[in-house]
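Hello,

Here is the structure I promised to pass on to you. Please have a look at it first, and then read my notes below.

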Amino acid sequence: MTVVPEFLSGGGELGRRIREYDWASTPLGPVESWPQSLRTCVRIMLASRQPIWIGWGAPLIKLYNDPYKAIVGGKHPWALGTPASVVWREIWPRIGPMLKTVMEKDEGTYVESQLLIMERNGYPEETYYTFSYTPIPGDNGETAGMICANTDDTDRIISQRQLKTLSELASGLVDSGSYAETIRRTIYTLADNPHDFPFVFFYTPAQLPDAFRIGLGGRELVVVDGLRERMGALPGGAWEVSPDRAVVLPMFPAGEKDPYGFLVMGVNPYRLPDDKYLAFLSLVGDQVATSFADIHVLEVERRRAEALAEIDRAKTTFFSNISHEFRTPLTLLLSPLEELLNEPLPLAGDFDAARHAETMRYRLGVAYRNALRMQKLVNTLLEFSRIEAGRLEGQFRRVDIAGLTMDLASSFRSAIEKAGMRLHVGARRIEGEVYVDVELWERIILNLVSNAFKYSQQGVISVEVRQEGSEVVVGVSDDGVGIPADQQERIFDRFHRIENSEGRSQEGTGIGLAMVRELVRLHQGTIGVTSAVGVGSTFTVRIPVGTAHLPADRIVGEAKGERRLRHAEAFVQEAMMWVGEGPEDERPGNGHEKGNGARYKVLLADDNADMREYVQRLLSRQFTVITAVDGEDAFAKMLEHRPDLLLSDAMMPRLDGFQLLKLVRQSEVLQGTPVILLSARAGEEAKVEGLEAGADDYLIKPFAARELLARVEANIRIAKERSAAMKEYAEKLEQAVRRRTQELRSLNHSLERSNEDLQQFAHVASHDLKEPVRKIRTFTGRLLDEYAGNLPAEAQVFLKKIQQATARMYAMIDGVLNYSLINGSEQPIVEVDLNEVVDQVEADLELAIRERGAAIHRGELPTIEGASVLLYQLFYNLLNNSLKFAKSGDNPLVTIESRLTEGGGRRIAELTVTDNGIGFDPGHADRIFETFVRLNSKDRYEGTGLGLSLCKKIVERHHGTIAATGVLNGGASFVIRLPLTQLERHV
């Protein structure tokens with residue numbers, strides 16, 4: 001019967017396997033020959049519930065316990081009794097040096113959450129372990145083996161990483177305002193986790209490459225394999241290996257059948273797309289889908305809010321227009337009447353009956369025309385309100401539709417021909433009976449012809465009546481400004497107006513065409529428009545023939561007798577006001593004069609002919625008045641006549657008063673001209689808006705004639721006084737500037753001299769201070785090289801210390817002087833080959849590199865624009881720093897790597913300098929570049945503290961950035977980002 005040694009009793013499966021293993025065939029020999037220390041450790045291992053393995057002898061023959069089976073995975077039980085370097089060949093470059101330290105130096109090691117890419121189950125996988133290697137002494141007291149206790153951190157680290165991504169994605173998408181913004185934020189967030197998302201792409205359905213379309217068809221995510229074969233190497237993210245798999249996630253807007261696009265996410269090459277990984281990716285997709293759903297709700301609410309806002313804007317515009325429409329005729333009603341009431345009675349001998357009658361006729365004519373306009377406005381509003389309330393039903397009579405329509409259109413002939421245009425009316429034979437409400441039909445035709453005339457400056461206005469099948473068709477065409485395509489569907493909406501249309505007037509309520517459409521509907525007809533900007537428009541009205549379409553109780557018989565056009569006069573009078581008499585020349589009269597006897601000039605801009613003529617008559621008694629029919633006309637005449645004041649209506653076609661005011665204030669020759677705005681918009685807010693826009697004064701309609709005259713006079717006087725004062729101030733300012741310029745030139749000359757002196761001092765001081773130090777280094781070096789065999793060991797050590805001290809002093813002198821130079825001078829920009837710069841630095845640091853037994857490895861470095869002196873100092877300080885804090889006897893290594901990136905629209909050289917020295921406390925990363933701060937691994941202060949501070953200043957002078965990361969006793973890394981091309985010519 002075989003006796004089991006007590007230290008091998010128990011231990012589950014591995015205890016049994018160790019007992020049954022033929023150890024005699026291994027370097028460990030029979031179990032009976034094992035040293036006591038190994039026996040003790042094996043007993044501890046088999047009794048422990050923590051994963052533990054033991055390596056014994058030079059080959060580190062592997063023993064492990066049951067909990068360790070999860071770590072060794074598919075290599076169990078083959079790993080038992082096998083050398084550790086064979087079992088863990090894939091991670092040996094990482095763990096081999098640590099095990100060497102344990103076995104050769106008898107020093108334990110400890111690492112937390114170490115990333116290890118293990119191949120335990122036939123594929124490489126990402127794992128994280130916290131473990132320690134502890135030396136085990138043999139019977140002779142020397143290290144004979146090691147014991148390792150492990151903690152698996154893989155699930156914790158990956159879960160924390162994924163939870164962070166989900167949390168950041170949730171917070172990043174919470175206020176996303178559009179699908180595109182959601183995608184952008186998603187990609188930005190996932191890119192911060194390059195381990196789980198080596199790459200993230202977004203494609204529209206048309207852009208998606210065929211390689212990613214395999215298996216697509218539904219709303220679920222799809223895993224696509226074999227990418228390297230079909231697409232070549234793709235971005236690897238945090239990994240050096242290009243992913244071979246990707247997950248394609250269709251992005252569907254809420255309620256839509258077609259995808260908005262596809263989110264393509266690279267799969268971690270060191271993880272299988274198992275249920276756990278895919279569940280995480282599904283959560284990402286769910287968050288994006290939730291954001292899409294929220295955006296859909298927001299879009300619905302936004303559209304609803306925009307619709308309400310549009311209605312509100314339309315109502316505001318309508319009331320603003322109504323205010324203007326009422327106040328303009330009110331002004332022209334009240335002001336002439338005020339003049340009549342305030343005019344003194346003439347003496348009997350001075351009375352001129354003919355002149356008095358002419359003045360009375362003019363004033364009463366203005367009042368009458370505007371009373372008609374007020375009546376038209378009131379009737380339009382009342383009729384529109386009846387239509388809106390559904391109280392307008394119509395009284396339909398049989399009419400001669402062609403004759404009635406031609407009579408209505410012909411009432412505009414005089415106004416159209418006065419404007420230099422032609423009116424064409426025509427009709428074809430109408431078969432059958434046509435019934436209309438005569439008064440409502442009058443409004444339809446008058447509105448359409450009036451509208452055609454208002455928005456035409458030349459050409460022909462045509463009105464034609466014809467029959468097409470069972471419909472009568474009336475077409476009203478013009479050669480006017482036309483209607484933009486995006487406005488044609490809304491032209492019949494209530495309150496809708498096309499802003500800045502180049503018509504004869506900006507006046508209108510915005511309900512004319514809306515009312516026409518409703519009146520046509522009362523006739524069971526339709527109205528449409530075809531138009532092109534700059535070509536003209538055609539409005540087409542269609543109504544049925546006969547009575548079948550009309551309510552029987554609304555048919556009242558046939559219209560008989562002479563037709564009386566009830567509304568035509570008001571429409572025609574308004575059209576005549578748009579034509580007016582044309583711009584008038586400067587008018588003579590007694591009034592205010594300039595110092596040379598000439599009269600002050602006022603430019604009056606108003607699209608309403610009555611208002612223009614009335615105000616001109618008022619002002620011409622005291623001023624020379626120039627009139628303009630709109631803003632464009634006004635600005636051209638201002639440039640031509642250079643008036644002393646601009647008096648402008650706020651609402652005009654082509655260029656309104658505010659736009660005209662902006663042009664005046666931007667003009668070098670006109671910007672000082674005083675401007676008074678006339679507006680129908682009342683209230684403090686409207687006045688403030690006008691003054692903030694740059695107007696000198698703001699007058700609300702209706703206004704009194706005396707107030708208008710007083711304000712014009714006051715603003716001209718103030719402007720002249722201000723101009724004189726500004727001229728005097730400008731002369732004094734010019735003298736002061738001249739004196740100050742001379743002083744600044746003198747000061748600049750002094751600064752240039754000081755800067756030259758500083759640079760000269762730096763160069764001289766650098767040479768004078770460094771020369772004796774250089775000679776000491778040279779002489780001691782020659783002693784060591786030529787007489788090393790004849791010098792005692794103590795003398796050699798002494799000479800080496802002198803060399804080290806002088807090398808340090810040499811670097812300190814360089815640092816201090818260059819710190820002064822970079823803070824006080826500019827350096828010219830040239831093309832600098834960084835390979836040549838580092839070559840020179842290595843040559844200058846050759847002694848230090850040789851003494852430390854260090855190696856400097858670097859790849860190919862780019863050529864950039866910069867200051868060669870400063871870039872040399874940058875790399876000198878960084879490499880010298882790495883050598884200074886290298887671990888003694890540890891084969892110091894410094895690597896310099898570079899890559900090109902993009903940033904801020906510029907190409908960036910990203911340079912990384914890494915060493916394996918003593919590093920620094922990560923808590924000191926924010927302070928390491930501060931001036932005079934000197935930190936080492938023991939947090940003691942030594943040295944000048946200028947080296948890294950100078951590095952930061954050099955990088956910033958080149959418009960770049962520098963950052964440091966470090967681990968105590970684990971090395972340091974410096975990342976410098978420098979633009980390849982400098983914007984300034986000096987740094």
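A residue counts as buried when its relative accessible area is under 20%, as exposed when that area is over 50%, and as partly exposed in between. Leucine 691 has a relative accessible area of 37%, so leucine 691 is partly exposed. Please keep in mind that this is a predicted model.

To find leucine 691, go to helix H19, which covers residues 684–692. Leaving aside residues up to four places away in sequence, leucine 691 touches Asp696 and Asp697.

I looked into the second largest cavity, which holds about 80 Å³ of space. Strand S3 (109–119) and strand S4 (124–137) are the elements that give two or more residues to its lining. S4 provides the largest share, with three residues.

What kinds of residue line the second largest cavity: nonpolar, polar or charged? Eleven are nonpolar, one is polar and none is charged. Among the lining residues you will find Trp53, Tyr68, Trp88, Leu116, Met118, Tyr129, Phe131, Tyr133 and Asn150. The isoleucines Ile71, Ile91 and Ile95 also belong to this lining.

Enjoy exploring, and write back with any questions.

Best wishes

How values were computed
Residues numbered from 1 in each chain as written. Predicted model: local features only at pLDDT ≥ 70, side-chain atom pairs only at ≥ 80, totals over all residues. Heavy atoms only, no water. 1 Å grid on protein atoms, 1.4 Å probe; cavity = no way out; pocket = protein on both sides within 12 Å on 5 of 7 lines; lining within 4 Å. Points joined across faces, edges and corners; volume = space filled by probe spheres on them. Helix = DSSP H or I, 4+ residues; strand = E, 2+ residues; numbered from the N terminus. Nonpolar A, V, L, I, M, F, W, Y, C, P; charged D, E, K, R; others polar. Buried < 20%, exposed > 50% of the residue type's maximum accessible area, 1.4 Å probe, protein only. Contact = heavy atoms within 4.5 Å.
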